[in-house]
Amino acid sequence: MPEREILMELRSVSHSYDDGKSFALNDVSLAIETRDHISIVGKSGSGKTTLLNLLGGLDSPTQGSVCFRGQMLKNSELSAHRARQIGFVFQSYYLLPNLTATENVQVPMFESELSLSQRRLRATELLDRVGLGHRADHRPGQLSGGESQRVAIARALANSPELILADEPTGALDSESGTNVLDLLEEMKMDLEVALVVVTHDDAVAERGSRTVRLHDGSVLNDSD
Ligand code: ADP
Ligand code: MG
């Protein structure tokens, strides 16, 4: 197995949404290695989503730097970073209601070089992989919460990302569906050798990570193995 290396790093990152009057993140440093599984915990408002958004290139820090494989990400590189390296999974799935499961999985591929038929084939393979081949032509309204989150996981994998960022992925699910979704994320992490960062309120979900980072008022309270 190749050696683990640092995939992404936050270096002394602070982030303010109000021109420095207050800080949603305050001098946070964090390294994510290839094939890591990190849990991020902390009360509502502690900065968890802000941290994921900075890792995923949805926003850029007010101070400090975000690095991918040792290179500082420039603002001009954020959309390519997002599209190529990152898969997002959200609490409320964010599937497009008028598209079928296969079409939803193809959404991140629209800017890729794949032809229409290659995209369809890849989406079908990904849905098979998450155990939803038989639901490929269903729309989100016809799927259960657990099934919807599986489609969202297939979509997150569409462009073969190196890092999956999941913000409360089990927050809207009953405990059995939540466990299944976590099992699936872990299986994909192992099979595809992606790193996984999971934000959660749920201790049982957090314990599945190899490391827990606890945020409090925008700072890292502890970072334990
Ligand atoms: P968490 O995900 O842990 O609940 P967030 O990262 O969403 O925390 O929020 C951290 C802090 O930043 C909170 O005080 C929140 O109110 C503030 N915040 C988050 N997003 C925005 C935004 N888009 N505009 C202004 N303030 C925001
Ligand atoms: Mg949040």
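The model is predicted, so local features need pLDDT of at least 70 and side-chain atom pairs count only at pLDDT 80 or more, while totals for chains, interfaces and linings use all residues. Residues are numbered from 1 along each chain as its sequence is written, chains are lettered from A and ligands numbered from 1 in the order in which they are written, and side-chain values use heavy atoms, with hydrogens and water left out.

**Around ligand 1**

Let's start with the shell, meaning residues with a heavy atom within 4 Å of the ligand. Around ligand 1 you'll find Y17, A24, K43, S44, G45, S46, G47, K48, T49 and T50. They split into 2 nonpolar, 6 polar and 2 charged residues, with Gly counted as polar and Tyr as nonpolar.

| Residue | Atom in the residue | Distance to an oxygen atom of ligand 1 |
|---|---|---|
| S46 | backbone N or O | 3.2 Å |
| G47 | backbone N or O | 3.1 Å |
| K48 | polar side-chain atom | 2.8 Å |

Taken alone, ligand 1 exposes 560 Å², and the protein buries 53% of that (Shrake-Rupley method, 1.4 Å probe).

**The aromatic rings**

There are 2 aromatic pairs in the structure (ring centres within 6.5 Å). F88 and F90 make a stacked one, at 5.8 Å centre to centre with 10° between the planes; stacked means planes under 30 degrees apart. Ring pairs tie F88, F90 and Y94 into a cluster.

F88 counts as buried because its relative accessibility is 16%, whereas F90, at 23%, counts as partly exposed (buried is under 20%, exposed over 50%, partly exposed in between, with a 1.4 Å probe and protein chains only).

Notes: A polar contact is a pair of N or O atoms within 3.5 Å; within protein, one must be able to donate a hydrogen and the other to accept it, and residues adjacent in sequence count only if both atoms are side-chain atoms. Rings of Phe, Tyr and Trp (its six-membered ring) pair if their centres lie within 6.5 Å; planes under 30 degrees apart count as stacked, over 60 as edge-to-face and the rest as tilted.
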